[in-house]
Amino acid sequence: MENSRRKFIKQSAIFAAATYAGTMGMSAKSYGRIIGANDRVRVGVVGFSDRFKDALLPSFLNHNKELNFDIVGLSDLWNYRRDLGIAHLKEKLGHDIKAFRNNDELYASKDLDAVIISTADFQHALHLIEAVKANCDAYVEKPFAETMDDAKAALKAVKATDRIVQIGSQRRSGENYANAAKYIQEGKFGPITAVDLVWNVNQPGRWRRPDLVAKLKEEDIDWKRFLLNRPSEAFDPRKYLEYRLFWPYSSGMPGQWMSHQIDTVHWFTNLKHPRSVVANGGIYTWKDGRRNWDSMVAVFDYGQPNSEDGFQVTFTSRMQNSVGDVGEVYYSNGGELNLITNKVSPKGGLKEKEAAAMGMKANLLPEFDLSKTEVKAATGASMGGDPLTSGHMRNWMECVRSRKTPNAPVEAGYSHSIANIMTNAAVRTGAKSVFDESRQEVMANGKVFKY
């Protein structure tokens, strides 16, 4: 009965769109896959990860009944997690879910309108390419890509379609962040002079999965399929499950954390990438065989190319002391815009005494609350998941129906990937990295950076 209803609604929508196209000159591609206003959007899950289970799924469930979305299938390479995912989804959704051993099987089912991708960091771009080539809209976790080859290939694939793609940079769906963007872009803040991005935790178990590592056997997964285009390496359950600790499967701190924060710089300023990056750090405390640092500082130069104007951004992160917490602070000559407190204040601004010494006037920003203004982000009723992710998921779901551009389109992912890859190039080579605009390549020591 449901299949007949879906078929009827789709045929009606296509017929109506075709009639409209006859008068407006639309192509068949433009209306060939329109989802009816009342038709159910069928979603597949690519990877039953902790991120999906604990944040993306609860956020999806906040809105799926209202917007008529449903999950119908799940793809995961590991039979253990695949079975766990199917059982969990059946419990949450109240109906059976189809299980698939890999994405080829998932897309071959041809029973999907969209997918949610939350696989290993290095797989996001490649899995997104699979999705849009299968004519599916996609919500894909960040980082968008960890190499420029993957970033360029995914951007090209998405731009060749009319698919709705939301990058998982959920700050773009937050009220306070939208207000900050508006405040800066309207010129109220003045020229940015510096930005501090901080992400500190004290978590020896962050990104570790020892219990799961002990369960995973090579015969339970397709290791070659997991590696995709990365260099061949012997099976290692830690690299499969704790990939965030191991380059080239993840850059760790830059890809997982900095990608969120550096994205705000691009959004607020309309700059697409840094002019240069230097970085330093190391594995100082958690000596558990990881390849990625547990402490780091990266320093970015931002501004228009060939301009003397600009500003500096620092990203500092450590995993063995949480003082400083997590957040972003923007500075101008008149004060600070603090996205930890969500306040604009004259703190640090040019005061009368110091200004008078140089024949200048004081420059102090008025107090302003970023969390209480007219700009709102739709989050709906929240039953789980953090408000930013819930609002971001809803924005994607609404755009799947309206075909409007979501808050974090593919271009946003491409830009944060450039910054991430420049950071990783500086980390891996010890050199100052730059971006070759004409070639769209990250350069270090005069060479294109790959791994």
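User: In which sense do β7 and β11 pair, and over how many bridges?

Analyst: In this predicted model, β7 and β11 form an antiparallel pair with 7 bridges. Within that pairing, Ile192 has Ser332 of β11 as its bridge partner.

User: Which strand does β7 pair with in the parallel sense?

Analyst: That strand is β10, residues 311-318; β7, residues 192-200, is joined to β10 in the parallel sense by 7 bridges. Along β10, Thr316 is the residue opposite Val198.

User: And how does β9 run relative to β10, parallel or antiparallel?

Analyst: Strand β9, residues 295-302, runs antiparallel to β10, and 8 bridges join the two.

User: What holds paired strands together in general?

Analyst: The strands of a sheet pair through backbone hydrogen bonds, in either a parallel or an antiparallel arrangement.

User: What is the strand order of the whole sheet?

Analyst: The sheet is open and has 11 strands, in the order β14-β13-β12-β11-β7-β10-β9-β8-β15-β16-β17, and its pairing is mixed. Its edge strands are β14 (368-369) and β17 (447-448), each of which pairs on one side only.

User: Which helix lies across β7 and β11?

Analyst: That is α9, residues 175-185. Helix α9 also lies across β12 (335-338), β13 (343-345) and β14, and it runs at about 150° to β12.

User: Which residues of α9 are buried?

Analyst: The buried residues in α9 are Asn176, Tyr177, Asn179, Ala180, Ala181, Tyr183 and Ile184.

User: What follows α9?

Analyst: Gly187 follows α9 and has a positive phi, near 85°.

User: Where are there positive phi values in residues that are not glycine?

Analyst: Lys110 is one of them, with phi of about 50°. Lys110 sits in the loop between α6 (103-108) and β4 (114-117). Asp325 is another, with phi near 60°, and it belongs to the loop between β10 and β11 (326-332).

User: Is Lys110 buried or exposed? And what about Asp325?

Analyst: Lys110 has a relative accessible area of 72%, so it counts as exposed. Asp325 is at 44% and therefore counts as partly exposed, since that class lies between 20% and 50%.

User: Changing topic: at what angle do the axes of α7 and α8 cross?

Analyst: They cross at roughly 20°, and the axes come within 9 Å; α7 spans residues 124-133 and α8 spans residues 148-159. Because angles under 35 degrees count as roughly parallel, α7 is roughly parallel to α8.

User: What is the handedness of that crossing?

Analyst: The crossing of α7 past α8 is left-handed.

User: Which residues meet there?

Analyst: From α7, Ala125, Leu126, Leu128, Ile129 and Val132 meet Asp150, Ala153, Ala154, Ala157 and Val158 of α8. By class, the residues of this contact comprise 9 nonpolar, no polar and 1 charged.

User: Where are there cis peptide bonds?

Analyst: The bond from Lys142 to Pro143 is cis, with omega near 0°. Pro143 is in the loop between β5 (137-140) and α8. Trp247 and Pro248 are likewise joined by a cis peptide bond, with omega about 10°, and Pro248 is in the loop between α12 and α13.

User: Where is Ser250 found, and is it buried or exposed?

Analyst: Ser250 is found in the loop between α12 (237-241) and α13 (253-269), the loop that also holds Pro248. Ser250 has a relative accessible area of 0% and is therefore buried.

User: What does Ser250 touch?

Analyst: Leaving aside residues up to four places away in sequence, Ser250 touches Asp121, Glu146, Tyr243, Arg244 and Asn292.

User: Lastly, how many helices and strands does the chain have, and what share of its residues is buried?

Analyst: The chain contains 16 helices and 17 strands. Of its 451 residues, 55% count as buried.

User: And what share of the contacts joins residues at least 24 apart in sequence?

Analyst: Among contacts between residues at least 6 apart in sequence, that share is 72%.

Technical notes: Residues are numbered from 1 along each chain as its sequence is written. This is a predicted model: local features need pLDDT of at least 70, side-chain atom pairs count only at pLDDT 80 or more; totals for chains, interfaces and linings use all residues. Side-chain values use heavy atoms; hydrogens and water are left out. Helices (H or I, at least four residues) and strands (E, at least two) are DSSP runs, numbered from the N terminus. Buried means under 20% relative accessible area, exposed over 50%, partly exposed in between (1.4 Å probe, protein chains only). Contact means heavy atoms within 4.5 Å. Axes are lines fitted to C-alpha atoms, for helices over the stretch in contact, and angles run from 0 to 180 degrees between N-to-C directions. Angles under 35 degrees count as roughly parallel, over 145 as roughly antiparallel, 65 to 115 as roughly perpendicular and the rest as oblique. A crossing is left-handed if the near helix is turned anticlockwise from the far one by less than a right angle, and right-handed if clockwise. Ala, Val, Leu, Ile, Met, Phe, Trp, Tyr, Cys and Pro count as nonpolar, Asp, Glu, Lys and Arg as charged, and the others, Gly among them, as polar. Two strands pair if DSSP finds at least two bridges between them.
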